[in-house]
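Please read the following report alongside the sequence and the coordinates. It moves from the overall fold to a few local elements.

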Amino acid sequence: MTYSSPPPDPNPAPNCLDSTKNFDQQMMQRCLQLARQALGQTAPNPLVGCVIVQDGVIVGEGFHPRAGQPHAEVFALRQAGERARGATVYVNLEPCNHIGRTPPCSEALIAAGVARVVVGMIDPDPRVAGSGVERLRDAGIEVLVGVEEAACQELNEAFVYRVLHHRPFGILKYAMTLDGKIATTSGHSAWVTSPAARHQVHQLRAACDVIIVGGNTVRRDNPLLTSRQANHTPLRVVMSQSLDLPLDAQLWDTTVAPTLVLTEANHQPPIQEKLTDRGVNVLEIVPLTPYAVMAYLYEQGFMSVLWECGGKLAASAIADGAVQKVLAFIAPKIIGGATAPSPVGDLGLEQMGDALQLERVRWQSVGPDLLVEGYLA
């Protein structure tokens with residue numbers, strides 16, 4: 001089978017080097033930059049970029065575009081050709097050493113006669129897990145592991161989580177006012193945050209495989225849930241036990257993106273039929289819980305799931321262990337209201353000491369808004 005090369009990089013490698021970083025670090029950052037071109041498109045495979053350097057000059061580059069296509073090393077070796085012999089290869093994830101849909105990259109590097117391989121991180125997949133590095137060293141190739149490892153781990157955090165826990169990586173995203181409200185007392189929520197924050201959300205969606213909302217979000221907000229980007233729009237999933245859903249919702253337009261409705265057994269067959277006629281996939285899951293939904297999505301090969309739901313479903317997702325990372329956009333607005341909805345519903349916590357603590361917390365300004373992100377312990 002013949003594969004075309006990945007599209008040209010819109011952000012080519014810089015002509016000058018950053019003197020604050022050593023050469024290996026800069027080349028590994030270039031690998032990450034290449035790998036990001038396939039964000040949201042490689043599941044269940046990782047994001048991988050590769051750079052080949054001969055005498056201080058980049059002679060080959062590549063990235064893994066999607067599952068079933070060649071790995072990053074193959075594309076880079078094709079571009080380098082004979083210039084790969086004696087060269088240094090940079091790759092953000094350990095080269096594979098097993099036969100899957102494609103041949104082992106370790107053998108391709110050995111056959112090309114490379115002299116040195118710099119690896120960002122070891123592949124946690126049990127089929128690799130250090131064997132790729134061992135094979136290269138056995139063949140007399142110098143191997144350095146752990147360059148820019150933290151950045152490599154973060155880029156593929158969803159892949160790592162899926163491999164280690166056999167579940168997709170869950171991200172809870174919400175936008176709220178300074179007083180912790182996601183809508184007014186009437187339910188009006190457009191818009192809590194600025195255009196800059198909403199643009200960043202579109203980029204986040206493009207990097208994920210699945211977006212999940214509940215029936216209330218469909219009824220109140222009528223969202224489109226696309227990335228507004230041509231390269232990738234994730235699967236849109238609606239969880240609804242009652243199937244009390246408006247038939248004119250934007251989500252039923254499957255010409256812009258696929259939609260899956262998850263419900264419980266034997267709920268409103270006429271509604272299911274009408275949705276199916278619109279091209280919407282309807283699936284019954286019993287019981288319909290975030291835990292069961294994540295198990296199903298894992299079986300389908302998905303890696304990253306973005307929860308963009310209301311407070312009640314968000315609380316259920318957290319309680320079910322379906323959320324590992326939280327991204328909270330906070331707008332400098334105050335709307336008040338004792339009954340105005342909050343981003344997370346009742347978790348049954350009565351003492352402040354019981355509060356769920358985020359780890360590895362970061363924050364940044366996004367226009368006038370603040371983005372706080374962190375990981376649940």
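## Overall dimensions

The model discussed here is predicted, and the protein in it contains 11 helices and 14 strands. Its C-alpha trace spans about 65 × 45 × 35 Å along the principal axes.

When contacts between residues at least 6 apart in sequence are considered, 69% of them join residues that are at least 24 apart.

## The hairpin of strands 13 and 14

Strand 13, which covers residues 358-366, pairs with strand 14 in the antiparallel sense, and seven bridges connect the two. Within this pairing Glu-359 stands opposite Tyr-375 of strand 14. Two residues lie between the strands of the hairpin, where Gly-367 takes a positive phi near 60°.

Strand 14 comprises residues 369-376 and includes Leu-370. With a relative accessible area of 32%, Leu-370 is classed as partly exposed, because that class lies between the limits of 20% for buried and 50% for exposed residues. Leu-370 also passes the requirement of over 30% relative accessible area that applies to patch residues, and together with Val-361 and Trp-363 it makes a nonpolar surface patch of about 300 Å².

How many of the nine residues of helix 6 are buried? Seven of them are, so this helix, residues 157-165, is largely enclosed by the rest of the structure. The buried set consists of Glu-157, Ala-158, Phe-159, Val-160, Tyr-161, Arg-162 and Val-163, and it therefore includes Glu-157 and Arg-162 under the criterion of less than 20% relative accessible area.

These buried residues pack against helix 5 (149-155) and helix 10 (290-299), and also against strand 6 (169-177), strand 11 (304-307), strand 12 (325-331) and strand 14. Just after helix 6, His-166 takes a positive phi of about 55°.

Technical notes:
Residues numbered from 1 in each chain as written. Predicted model: local features only at pLDDT ≥ 70, side-chain atom pairs only at ≥ 80, totals over all residues. Heavy atoms only, no water. Patch = residues over 30% accessible without salt bridge, like charges linked within 9 Å, V, L, I, M, F, W, Y side chains within 5 Å. Areas by Shrake-Rupley, 256 points an atom, 1.4 Å probe, with all protein chains shown as cover. Salt bridge = Lys/Arg side-chain N within 4 Å of Asp/Glu carboxyl O. Helix = DSSP H or I, 4+ residues; strand = E, 2+ residues; numbered from the N terminus. Buried < 20%, exposed > 50% of the residue type's maximum accessible area, 1.4 Å probe, protein only. Contact = heavy atoms within 4.5 Å. Pairing = 2+ DSSP bridges.
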